[in-house]
Amino acid sequence: MSALQRSLSILAIAFLFASCGAPERSRTATIATQPFRGAGDFDEVGKVSLYPGESCASQIMFVFHARSISISLAAPFRVSRILTDAVRDRKTVHVWGKWRRGKAPGCSYVEATQADVQKSFW
């Protein structure tokens, strides 16, 4: 009988310790951005994807991936069509643009002025 009481008391203590822990909060999707470069030009080759969720500026619709960094990207309608097709076909693009600041603190993004889909051999 003492073995049963001992195992129940150990189980009760384990349950007590488990219930005292704080639950983990779900983490939001974050995009690691490159530091803001003032009003400099942007000229990079990489892949694009659609922005997951709500961005820090309403213009941002894409995420540009190049050299293990991710950069928020905004584009006018003409360039947006090119980038959307590149997302759908998983193509590499060459993007030119200007660095901009959003209204939120720490919000920097690239406003694309031109984009070209890179030709592939496959």
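This is a predicted model: local features need pLDDT of at least 70, side-chain atom pairs count only at pLDDT 80 or more; totals for chains, interfaces and linings use all residues.
Figure 1. Phe 77 and Arg 88 are exposed residues on the face of α2 that is turned away from the buried side of the helix. The helix runs over residues 77–89. Just after α2 comes Arg 90, with a positive phi of about 55 degrees.

**Figure 2. The buried side of helix α2.** Val 79, Ser 80, Leu 83 and Ala 86 are the residues shown, and they are buried in α2. The buried residues of the helix fall within an arc of 125 degrees when seen down its axis, so they line one face. The cover over these residues includes strands β1, β2, β3, β4 and β5. Of these, β3 consists of residues 69–74.

**Figure 3. The disulfide between Cys 56 and Cys 107.** The structure holds one disulfide. It is formed by Cys 56 and Cys 107, whose sulfur atoms lie 1.9 Å apart. The bond links distant parts of the chain, as the two cysteines are 51 residues apart. Cys 56 is in the loop between β1 and β2, and Cys 107 is in the loop between β4 and β5 (108–117). The torsion about the S-S bond is about 65 degrees, and the disulfide is therefore right-handed. The two cysteines can also be described by their accessibility: Cys 56 counts as partly exposed at 39% relative accessibility, whereas Cys 107 is buried, with a relative accessible area of 4%. The cut-off for buried is under 20%.

**Figure 4. Ser 55 in the loop between β1 and β2.** The loop joins β1 (41–50) to β2 (60–66), and Ser 55 lies in it. Ser 55 has a relative accessibility of 17% and therefore counts as buried, the limit being under 20%. Its side chain reaches the backbone oxygen of Ala 57 at 2.4 Å. Cys 56, in the loop between β1 and β2 as well, belongs to the disulfide with Cys 107.

Figure 5. His 94 is placed in β4, which covers residues 92–101. With a relative accessible area of 18%, His 94 is buried. The side chains of His 94 and Asp 43 make a polar contact at 2.4 Å. Leaving aside residues up to four places away in sequence, His 94 touches Asp 43, Glu 44, Val 45, Gln 114, Ala 115, Asp 116 and Gln 118.

**Figure 6. The whole protein, as context for the close-ups.** Two helices and five strands make up the secondary structure elements of the protein. Along the sequence they follow the pattern α-β-β-β-α-β-β. Of the 122 residues in the protein, 29% are buried. Among contacts with a separation of 6 or more, residues 24 or more positions apart account for 52%. The protein exposes about 9100 Å², and carbon and sulfur atoms supply 57% of that area.

Notes. Residues are numbered from 1 along each chain as its sequence is written. Side-chain values use heavy atoms; hydrogens and water are left out. Helices (H or I, at least four residues) and strands (E, at least two) are DSSP runs, numbered from the N terminus. Buried means under 20% relative accessible area, exposed over 50%, partly exposed in between (1.4 Å probe, protein chains only). A polar contact is a pair of N or O atoms within 3.5 Å; within protein, one must be able to donate a hydrogen and the other to accept it, and residues adjacent in sequence count only if both atoms are side-chain atoms. Contact means heavy atoms within 4.5 Å. A disulfide is a pair of cysteine sulfur atoms within 2.5 Å. The expected span of a helix is 1.5 Å times one less than its number of residues. The arc is that of the directions from the helix axis to the C-beta atoms. Accessible areas come from the Shrake-Rupley method with a 1.4 Å probe; for residues, only the protein chains shown count as cover.
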